[in-house]
Structure formats: C-alpha cells, structure tokens
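Have a look at the sequence and the fold first.

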Amino acid sequence: KILIVKTQSGLSYPSVRYTFDMMIQSLEKMGQGGYGGEFEFYLGGGQIDLYFYGLVNFAAFLANAMVESISNDTCDELNIQQVAGKYAISNSCGQEGWC
C-alpha cells in the first residue's frame with residue numbers, strides 16, 4: 001500500500017492530501033516536459049533500456065516523500081524553526097499540525 005497515513009496510535013488510513021490519481025497526473029506532467037523548462041522528472045528518457053532507471057528514480061522519490069510528508073499527511077517541507085518555544089503557523093503548512 002502506498003499513500004497511507006499512520007497515526008501516532010498506529011492506525012492507518014488513506015491520505016487525504018495525497019491521492020494516487022494526483023500522483024499519476026503529476027508524474028505524467030513532470031516526466032513529459034517538466035516544470036519551468038529545465039526540470040524534468042527522469043523516467044528513462046523514453047528509452048526502453050533506461051526504463052529501469054526511471055522506475056528506481058520514482059521509487060526513491062516516493063520513499064522520500066513517504067518519510068517526509070505522506071505518512072503524516074503534511075506538506076512536503078518540514079521547518080522546525082520555533083518562535084517563543086512554539087512552531088509558528090507561518091512555517092510550512094502549520095508544522096504537521098503542531099501549531
């Protein structure tokens with residue numbers, strides 16, 4: 001299972017913020033033309049013999065995204081800067097609900 005959120009008590013549920021359809025749409029856009037003209041998600045460059053490298057690249061990306069954001073259903077950036085001992089709501093999506 002992918003795109004699954006785990007609570008601190010161990011319960012699992014499908015992510016509300018990240019969906020399979022949106023992931024596929026984003027991958028298609030980023031893998032075919034990219035973003036801003038210079039950044040393209042590498043999927044093998046359309047060459048069959050390099051397809052494996054594209055799959056490994058996507059697996060590494062998804063693993064990183066699961067650790068940093070999907071497993072907690074949060075934004076993709078974790079900013080641990082504190083203001084007066086608390087996480088500022090202005091920091092990255094309210095800091096995983098810690099505001």
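F52 sits in helix α2, which covers residues 51–68 (helices are DSSP runs of H or I with at least four residues, strands are runs of E with at least two, and both are numbered from the N terminus). This is a predicted model, where local features need pLDDT of at least 70, side-chain atom pairs count only at pLDDT 80 or more, and totals for chains, interfaces and linings use all residues. Residues are numbered from 1 along each chain as its sequence is written, and side-chain values use heavy atoms, with hydrogens and water left out.

Is F52 buried or exposed? F52 is exposed, at 56% relative accessible area (buried is under 20%, exposed over 50%, partly exposed in between, using a 1.4 Å probe and protein chains only).

## The core

Now for the inside. The largest nonpolar core counts 9 residues: L3, M23, L27, M30, F41, F58, L62, A65 and I70. The elements giving two or more residues to this core are α1 (20–31) and α2. A nonpolar core here is a set of buried Ala, Val, Leu, Ile, Met, Phe, Trp, Tyr and Cys residues joined through side-chain atoms within 4.5 Å.

Take M23: leaving out neighbours within four places in sequence, M23 touches I2, L3, F58 and L62 (contact means heavy atoms within 4.5 Å).

## The whole chain

The protein chain has 2 helices and 4 strands, running β-β-α-α-β-β along the sequence. Of its 99 residues, 25% are buried.
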